[in-house]
Amino acid sequence: MILTNARLATMVPGMGPYGLIEDGALWIRDGLIHWAGPRDALPGGLDEETRDLGGRLITPALIDCHSHVVFGGNRAREFEMRLEGATYEELARAGGGILSTVTATRAASEEALLQDALTRVDALIAEGVSVLEVKSGYGLEIETELKMLRVARRLAEVRPIRIRTSYLAAHALPPEYAGRGDAYIDEVVLPGLARAHAEGLVDSVDGFCEGIAFSPAQMRRVFEAAQALSLPVKLHAEQLSDFGGAALAARHGALSADHLEYLGPDGISAMATAGTVAVLLPGAFYTLRETRVPPVAALRGAGVPMALATDCNPGSSPMASLLLAMNMGATLFRLTPEEALAGVTRHAAAALGLTDCGQLAPGLRADLAVWNVHDPAELTYRIGFNPLHAHLHQGEFIK
Ligand code: DI6
Ligand code: FE
């Protein structure tokens, strides 16, 4: 099939803003991009089905590289309490926060978790998302961590979406291990990782490195176990304080360090050296009414690739819109619209260790979004507006 009469935001570096090709054409074969370029350079005499896109914009399908879409219950009551003055950390220390979602997730059946997650996943797909990262981390006991990851895998069986899982048992300390963080790592996190990996449920290993969660020394033990299984690592780092998490992650060759509001110069240079992607999560910043923004100018200056993601979760980012994350990334964090689009395509792919998507280039998967817009900046600029016209997953129209 050939798509013609389209503007291509290829997102290929070194080709000018957005890697834009005016009046372009894109040739799809066997679910892959076979050729992309100016329409008048398309080889002649081809016997392929052709679709005229009426001058619309094609981008790589979007990639949400940080989410917690599988969980039980919701935290609307906590939202009300925060409006009455309670802080996120106070609620967490009082047994609410992540732990209230843990109780609901432990109680939910696999089927119920799946149906609940699909409401969020469908919202993301409707915005052109083709790859979604999904974390465990609301079980905090082995069986429930495995249950969450099985649900994450099932999402890809029932919807046209590619799922990358992250094992996040080191997300919070469950009440039964209060004050015994090291025992929790030894008795739950590490044996659970071995089991989840043996079941083929883990694509990467994550953690929450923070005063209310795990120390760098504890995370180091988790990372060493991941590396012994040849699994890549990533980390929730510097979200609420400068705890040294990003530098630790970078030293372990992490794919990404995520949040980063409190990231300092040492963390930035460690990430630049390691090629670790900075995943920025403006939905959590917004929801928690943070005032400290991640050091975007310094990350840009150091050449650290920046991705944007929803962090879709019931507490700090109850947001199932990647387009809104792009808008917030620009308005709250001062990313350019081009950086915002790179952040949900090329750089999001890098944050997941994927090299076969995130750009319009020959040999990559034909995961494409076709938009009813002319200028790619419109995707970031508008709020509450979904201009998706068509969506292809591995070369097949799914919208
Ligand atoms: N940081 C976050 O923003 C999410 N997890 C984390 O480590 C929040 C998860 C939640 O509040 O349920
Ligand atoms: Fe998160």
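Trainee: Is Pro362 buried or exposed?
Mentor: This is a predicted model, so what follows is computed from its atoms. Pro362 is found in the loop between α14 (346-351) and β14 (368-371). The cut-off for exposed is over 50% relative accessible area. At 54% relative accessibility, Pro362 counts as exposed.

Trainee: Which residues does Pro362 touch, leaving aside those up to four places away in sequence?
Mentor: Start from the loop between α14 and β14, where Pro362 is found. With residues up to four places away left out of the count, the contacts of Pro362 are Ile33, His34 and Trp35.

Trainee: And how far apart in space are Pro362 and Glu78, C-alpha to C-alpha?
Mentor: In sequence, Pro362 and Glu78 are 284 residues apart. In space, the C-alpha to C-alpha figure for Pro362 and Glu78 is 48 Å.

Trainee: Which element gives the largest share of the lining of the largest pocket?
Mentor: The lining has 14 residues, with Arg82, Ala86, Thr287, Leu288 and Arg289 nearest the centre of the pocket. Two or more lining residues come from each of α1 (76-83), α2 (88-93) and α10 (282-287). With three residues, the largest share comes from α1.

Trainee: How many residues in that pocket's lining are charged?
Mentor: Sort the lining of the largest pocket by class. Seven residues are nonpolar and three are polar. The charged ones number four.

Trainee: What about cavities: how much space lies in the second largest cavity?
Mentor: Searching the whole structure turns up two cavities of 30 Å³ or more. The largest cavity holds about 90 Å³. For the second largest cavity, the figure is about 40 Å³.

Trainee: How many polar residues line the largest cavity?
Mentor: Among the residues lining the largest cavity are His68, His171, His236, His259, Gln239 and Asp311. By class, four of the lining residues are nonpolar and one is charged. The polar count is seven.

Trainee: How many charged residues line the second largest cavity?
Mentor: Its lining includes Ala61, Ile63, Cys357, Arg365 and Asp367. The class count for the second largest cavity gives four nonpolar and three polar residues. That leaves the charged class, with two.

Trainee: Now the core. Which residues touch the most other members of the largest nonpolar core?
Mentor: The largest nonpolar core has 101 residues. A second, separate core has 16 residues, including Leu8, Leu368, Val370 and Leu392. Back in the largest core, the residues that touch the most other members are Leu155 and Leu280.

Trainee: Which residues does Leu155 touch, not counting those up to four places away in sequence?
Mentor: Leu155 belongs to the 101-residue core. With residues up to four places away in sequence left out, Leu155 is in contact with Val69, Val70, Leu114, Ala117, Leu118, Val121, Val134, Ile161 and Ile163.

Trainee: How far apart in sequence are the parts tied together by Glu111 and Arg154?
Mentor: The side chains of Glu111 and Arg154 meet in a salt bridge of 3.0 Å, N to O. Glu111 lies in helix α4 (residues 110-125) and Arg154 in helix α5 (residues 142-158), so the parts that the pair ties together are separated in sequence by 43 residues.

Trainee: Which helix holds Arg300, the partner of Glu339?
Mentor: Glu339 and Arg300 form a salt bridge, with their closest N and O atoms 2.7 Å apart. Glu339 sits in helix α13 (residues 337-343), 39 residues from Arg300. The helix that holds Arg300 is α11 (residues 296-302).

Trainee: Last one: how many salt bridges does the count come to?
Mentor: Some residues are linked in a network of salt bridges, namely Glu133, Lys135, Asp206 and Lys234. The cut-off is a side-chain nitrogen of Lys or Arg within 4 Å of a carboxyl oxygen of Asp or Glu. By this rule, the number of salt bridges is 23.

Conventions:
Residues numbered from 1 in each chain as written. Chains lettered and ligands numbered in written order. Predicted model: local features only at pLDDT ≥ 70, side-chain atom pairs only at ≥ 80, totals over all residues. Heavy atoms only, no water. 1 Å grid on protein atoms, 1.4 Å probe; cavity = no way out; pocket = protein on both sides within 12 Å on 5 of 7 lines; lining within 4 Å. Helix = DSSP H or I, 4+ residues; strand = E, 2+ residues; numbered from the N terminus. Nonpolar A, V, L, I, M, F, W, Y, C, P; charged D, E, K, R; others polar. Core = buried A, V, L, I, M, F, W, Y, C linked by side-chain atoms within 4.5 Å. Buried < 20%, exposed > 50% of the residue type's maximum accessible area, 1.4 Å probe, protein only. Contact = heavy atoms within 4.5 Å. Points joined across faces, edges and corners; volume = space filled by probe spheres on them.
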